[in-house]
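Please take a moment to look over the sequence and the structure below before reading on.

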Amino acid sequence: MGLRRRSRELAMQAVFYMDMREGRPAEQLTLVCRSRRPSRKTRDFFLELVNGVIRGRVQIDALVERFSSNWKISRMAGVDRNVLRIAVYELFCCPDIPPKVTINEAIDIAKKYGSDDSGAFINGILDSIRLTLEKEGLELQVPDGPPLEIGAAAVDADETAPPEDPPPRFHPVGRKPGVVRKRTVRAVSNPAENGSP
């Protein structure tokens with residue numbers, strides 16, 4: 001997996017987490033980084049994507065709704081919504097990345113983490129935005145602001161060490177994307193504690 005793909009996947013997970021939970025974005029970002037540990041090579045692009053989406057979320061959401069026929073952003077699946085946010089930011093604010101690469105990466109991530117229909121849904125919206133951007137020109141104004149930083153505990157820790165409080169593990173069910181089950185850990189009782197020999 002390429003470094004930018006890894007950054008995009010981590011950014012989607014972070015933005016998804018922030019989207020689903022209430023709290024201060026800086027603290028949420030630090031929590032995500034403690035459990036996911038972005039490497040030094042992926043960290044800069046990861047932070048650029050997360051900061052861009054957080055600062056420009058209102059403008060990005062309005063643009064996505066404009067190009068999604070009859071779909072409000074709040075009705076979209078969480079994975080689809082956040083993959084779109086990252087890809088739209090990248091289309092407008094990362095001129096060194098070709099638009100088709102951005103769209104293909106978004107589709108692949110959506111297929112990996114979303115439902116069976118996520119790839120086609122995201123492709124339709126992003127391709128419409130790309131065509132309009134090329135033909136008519138569009139602008140995305142991302143407000144300036146102080147960037148979110150990863151807390152010192154997540155940055156300075158040994159990157160090879162396991163996270164202090166690892167997130168639950170999820171495994172695919174029947175090799176279908178987007179369908180997962182939580183792995184449960186069963187406690188094994190000690191026969192000596194039960195009074196058995």
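Which kind of link do the side chains of Arg-8 and Glu-90 form where they meet? In this predicted model, the side chains of Arg-8 and Glu-90 form a salt bridge, with a distance of 2.7 Å from N to O. The two partners come from distant parts of the chain, since Arg-8 belongs to helix 1 and Glu-90 to helix 5, and 82 residues separate them. Because buried means a relative accessible area under 20%, Arg-8 counts as buried at 5%, and Glu-90, at 1%, counts as buried too.

By the rule used here, the count of salt bridges comes to 13.

One of these pairs is formed by Asp-96 and Arg-4, whose closest N and O atoms are 3.0 Å apart. Asp-96 sits in the loop between helix 5 (78–93) and helix 6 (99–113), while Arg-4 is in helix 1 (residues 3–20), and the pair links parts of the chain that are 92 residues apart. Asp-96 is exposed, with a relative accessible area of 55%, and Arg-4 is partly exposed, with a value of 37%.

From the charged pairs we can turn to the nonpolar residues. The largest nonpolar core has 44 residues, and among these Phe-46, Val-88 and Leu-126 touch the most other members. At least two residues of this core come from each of helix 1, helix 2 (25–36), helix 3 (40–55), helix 4, helix 5, helix 6 and helix 7 (118–135), and helix 5 gives the most, with 9 residues.

Leu-126 shows what such a position looks like in detail: when its neighbours within four places in sequence are left aside, Leu-126 is in contact with Leu-84, Ala-87, Val-88, Leu-91, Ile-103 and Ala-106. One of these contacts, Val-88, is itself named with Leu-126 among the residues that touch the most other members of the core.

Terms used:
Residues are numbered from 1 along each chain as its sequence is written. This is a predicted model: local features need pLDDT of at least 70, side-chain atom pairs count only at pLDDT 80 or more; totals for chains, interfaces and linings use all residues. Side-chain values use heavy atoms; hydrogens and water are left out. A salt bridge is a side-chain nitrogen of Lys or Arg within 4 Å of a carboxyl oxygen of Asp or Glu. Helices (H or I, at least four residues) and strands (E, at least two) are DSSP runs, numbered from the N terminus. Buried means under 20% relative accessible area, exposed over 50%, partly exposed in between (1.4 Å probe, protein chains only). A nonpolar core is a set of buried Ala, Val, Leu, Ile, Met, Phe, Trp, Tyr and Cys residues joined through side-chain atoms within 4.5 Å. Contact means heavy atoms within 4.5 Å.
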